[in-house]
Amino acid sequence: MLKIIQERRSHFLKEFNGQKASDSLIHNLLNAAVWAPSHKLTLPFRFVVYGPENLELFSTQIVQSYSERNPDPKQEKIQKMQSFPDKLSHVIAIVLQPSQKVPLWEEYACLGAAVQNMYLSISQEENFGAYWTTGNEIDSPQMRENLKLSPDEIHCGYFFIGGIDLKRTQAVRPEPKVEWLY
Ligand SMILES: Cc1cc2nc3c(=O)[nH]c(=O)nc-3n(C[C@H](O)[C@H](O)[C@H](O)COP(=O)(O)O)c2cc1C
């Protein structure tokens, strides 16, 4: 198990080759998410999936939001956003739905575990990778409207999924900070 955890990696936009994943792969990720530990089983999240045929729409929405909020938009950023349909396979927008039954921090903790489950699932795929992005206009008024968020919901980023040629597994982590008490 530790090996699976250690070899889970984020794969980023520049590594994505434009290959499109099957819907069943995406369903597997979403099904893994609901196995997160969850106090009172609130499972306080929902997802909005942009499939390959909706990536142009996603790209247009993000560019629109960015341009509206930045009077002097950076061309480089816009070009990156316009490359999404060619690079990405699917985008899963991650939405926190606070239940009010447990403290908010517990809801965020559960959401983090849910995304980790998606990460671990896609790590088992040879030709696909993903990363959690909290950039790209998250929670902007425009994206809130596009995702049809209710006022109490919080947009917590996206899981960007793409085909990859090379699966990376190596990384470095420090020793855990622990004090043992006997
Ligand atoms: C809550 C959260 C938000 C993140 N947001 C971004 C982001 O906006 N852009 C990005 O490139 N990576 C983002 N990441 C991914 C980290 O960059 C990545 O986990 C880190 O580089 C460690 O690499 P690893 O996931 O391969 O271990 C995010 C990760 C988490 C947990």
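In these legends Ala, Val, Leu, Ile, Met, Phe, Trp, Tyr, Cys and Pro count as nonpolar, Asp, Glu, Lys and Arg as charged, and the others, Gly among them, as polar. The structure is a predicted model, in which local features need pLDDT of at least 70 and side-chain atom pairs count only at pLDDT 80 or more, while totals for chains, interfaces and linings use all residues. Residues are numbered from 1 along each chain as its sequence is written.

**View 1. Residues around the ligand.** The shell around the ligand consists of four nonpolar, five polar and one charged residues. A residue is near a molecule or strand if its C-beta atom, placed from the backbone, lies within 6 Å of it. The residues around the ligand are Arg9, Ser10, Phe12, Tyr131, Trp132, Thr133, Thr134, Gly135, Gly157 and Ala171. Strand E3 (residues 128-133) supplies the largest share of this shell, with three residues. Helices (H or I, at least four residues) and strands (E, at least two) are DSSP runs, numbered from the N terminus.

View 2. In H2 (residues 23-33), Ile26, Leu29 and Ala33 are buried. These residues cover an arc of only 55° around the axis, which puts them on the same side of H2; the arc is that of the directions from the helix axis to the C-beta atoms. An α-helix has 3.6 residues a turn, so residues three or four places apart point the same way. On the other side of H2, Ser24, His27 and Asn31 are exposed. A residue is buried if 20 or more other C-beta atoms lie within 10 Å of its own, exposed if 12 or fewer, and partly exposed in between, with C-beta atoms placed from the backbone. The cover over the buried residues of H2 includes strand E1 (45-50), strand E2 (90-96) and helix H6 (104-123).

**View 3. Packing of H2 with H6.** The two helices pack at an angle of about 140°, with their axes 7 Å apart. Axes are lines fitted to C-alpha atoms, for helices over the stretch in contact, and angles run from 0 to 180 degrees between N-to-C directions. Asn28, Leu29, Ala32 and Ala33 of H2 meet Ala114, Asn117, Met118, Ser121 and Ile122 of H6. The residues of this contact of H2 with H6 divide into six nonpolar, three polar and no charged. Two residues are in contact if their C-beta atoms, placed from the backbone, lie within 7 Å.

View 4. Glu137 lies in the loop that runs between E3 and helix H7 (141-146). Phi of Glu137 is near 65°, a positive value in a residue other than glycine. Glu137 counts as buried because it has 21 C-beta neighbours inside 10 Å. Asp139 is also found in the loop between E3 and H7, and its phi is near 60°, a positive value in a residue other than glycine. With 15 other C-beta atoms within 10 Å, Asp139 is partly exposed.

**View 5. Surroundings of Pro37.** Pro37 is found in the loop between H2 and E1. As 11 other C-beta atoms lie within 10 Å, Pro37 is exposed. Not counting residues up to four places away in sequence, Pro37 touches Cys110 and Ala113. From C-alpha to C-alpha, Pro37 and Ile92 are 20 Å apart in space, and they are 55 residues apart in sequence.
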